[in-house]
Amino acid sequence: MQGTVDGFSYGAVTPLVAFVMACLGGALGLRCTTRSLLVTHSRRPAWLALGSAAIGSGIWTMHFVAMMGFTIEETPIHYDEPITYASLGLAIVMVGVGIFIVGYRGATGTALFTGGTITGLGVASMHYLGMAGVHFDGRFTYNTFTVAASVVIAVVAATAALWAAGRVRGFVWSVGASLVMGLAVSGMHYTGMAALDVHLHHAPGSGTVGSPASALAPMLIGPLAFLLLAAVVVMFDPLMVMGRPAGTAVEDKPGVPAAAVASHHDRHPPLHAAARPVGPPAHHESRTPQNR
């Protein structure tokens with residue numbers, strides 16, 4: 001028997017919050033990836049790992065916040081915790097592989113294509129493994145074409161996000177890239193949800209026993225806490241927020257303020273910079289104690 005699915009039982013609340021979670025995870029992950037490109041190789045793995053965990057947690061949280069609004073009218077649904085947490089681990093690992101490829105090989109050419117494909121497949125795999133953890137008195141079937149479309153959306157979104165991580169430096173542009181990534185991830189999720197049909201094993205029962213929100217809320221606490229912690233790291237690292245490289249080799253000079261050095265390097269040297277100035281040194285020498 002065909003089941004009746006409602007993916008928006010709380011109205012626009014769950015899609016909106018899910019979108020915000022996807023944007024938050026994407027923003028933190030992209031900033032961490034950008035930061036990794038501005039440090040030495042010894043520190044790069046830590047930033048890439050943090051970025052992988054942020055993006056994976058954000059995508060996973062987005063998925064299950066959206067699933068809070070998913071109900072089957074004829075039967076209650078439950079979530080298998082091991083499978084649910086396994087989907088989180090899968091997302092972090094596969095996103096991490098893609099991010100590490102781009103972090104060490106650059107966001108161009110084959111590295112970008114490979115990293116984006118692996119990351120996108122990780123997003124899609126997380127979605128469908130998470131759906132495998134949904135238990136009810138029936139089974140899901142999927143439309144192959146729509147599933148393929150959702151995977152393509154995930155791969156394209158991941159590739160664009162990794163490209164932005166390697167290319168975008170300004171804060172405003174980074175926010176824009178995060179919004180696009182959040183929209184694409186949400187689009188992938190709801191495209192995947194549109195691909196499924198519900199088939200019940202027995203006659204309809206009551207679908208009011210148990211609430212998806214009450215079942216999922218405890219499992220979301222850990223990833224949400226991690227995202228907040230990662231946000232604190234971003235807020236206390238201005239370089240990671242702005243994504244601008246620092247001239248550390250020059251700023252290490254004693255007595256030279258960093259701001260002054262930065263403004264000095266932003267200016268073009270005059271055409272006669274190589275010539276030795278004549279006037280000022282003469283006045284300087286006339287004021288020395290030896291000449292008084």
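**Helix H2 and its residues**

Q: How do you know that the span of H2 agrees with what its 24 residues should give?
A: At 1.5 Å a residue, the 24 residues of H2 should span 34 Å. The end C-alpha atoms of H2 are 35 Å apart, so the two values agree. Keep in mind as you read on that this is a predicted model.

Q: What makes H2 largely enclosed by the rest of the structure?
A: Count its buried residues: 21 of the 24 residues of H2 are buried, so the helix is largely enclosed.

Q: Why is Thr61 called buried?
A: Buried means under 20% relative accessible area. Thr61, found in helix H2, has 0% relative accessibility, so it counts as buried.

Q: What is Thr61 in contact with, leaving aside its neighbours within four places in sequence?
A: Contact asks for heavy atoms within 4.5 Å, and Met21, Leu220, Pro223, Leu224 and Leu227 are in contact with Thr61.

Q: Why does Val65 count as buried?
A: Val65 is another residue found in helix H2. Its relative accessibility is 8%, and the cut-off for buried is under 20%, so Val65 counts as buried. Not counting residues up to four places away in sequence, Val65 touches Thr14, Val17, Ala18, Met21 and Leu220. Val65 and Ala213 are 148 residues apart in sequence, yet their C-alpha atoms are 8.2 Å apart in space.

**Helix H3 and its ends**

Q: How do you know that the reach of H3 is close to the expected value?
A: H3 covers residues 81-105, which is 25 residues. At 1.5 Å a residue, 36 Å is expected, and H3 reaches 36 Å from its first C-alpha to its last.

Q: Which elements do the buried residues of H3 pack against?
A: They pack against helices H1, H2, H4, H5 and H7, and against strand E3. The buried residues of H3 include Thr84, Leu88, Val95 and Ile99, and glycines such as Gly96 and Gly98 are among them too.

Q: What makes Asp80 a cap for the N-terminal end of H3?
A: A side-chain oxygen of Asp80 lies 3.0 Å from the backbone nitrogen of Ile83. The cut-off for such a polar contact is 3.5 Å, so this pair falls within it. Just after H3, Gly106 takes a positive phi of about 100°.

**A patch on the surface**

Q: Why does Val172 count as exposed?
A: Val172 lies in helix H6. Exposed means over 50% relative accessible area, and Val172 has 68%, so the word exposed applies.

Q: Which residues form the nonpolar patch on the surface?
A: Phe171, Val172, Val175 and Leu179 form the patch, with about 360 Å² of accessible area together.

**The whole protein**

Q: How many helices and strands are there in the protein?
A: The protein has 11 helices and six strands. Of its 292 residues, 42% are buried.

Key
Residues numbered from 1 in each chain as written. Predicted model: local features only at pLDDT ≥ 70, side-chain atom pairs only at ≥ 80, totals over all residues. Heavy atoms only, no water. Helix = DSSP H or I, 4+ residues; strand = E, 2+ residues; numbered from the N terminus. Expected span 1.5 Å × (residues − 1). Buried < 20%, exposed > 50% of the residue type's maximum accessible area, 1.4 Å probe, protein only. Polar contact = N/O pair within 3.5 Å; in protein donor to acceptor, adjacent residues only side chain to side chain. Patch = residues over 30% accessible without salt bridge, like charges linked within 9 Å, V, L, I, M, F, W, Y side chains within 5 Å. Areas by Shrake-Rupley, 256 points an atom, 1.4 Å probe, with all protein chains shown as cover. Salt bridge = Lys/Arg side-chain N within 4 Å of Asp/Glu carboxyl O.
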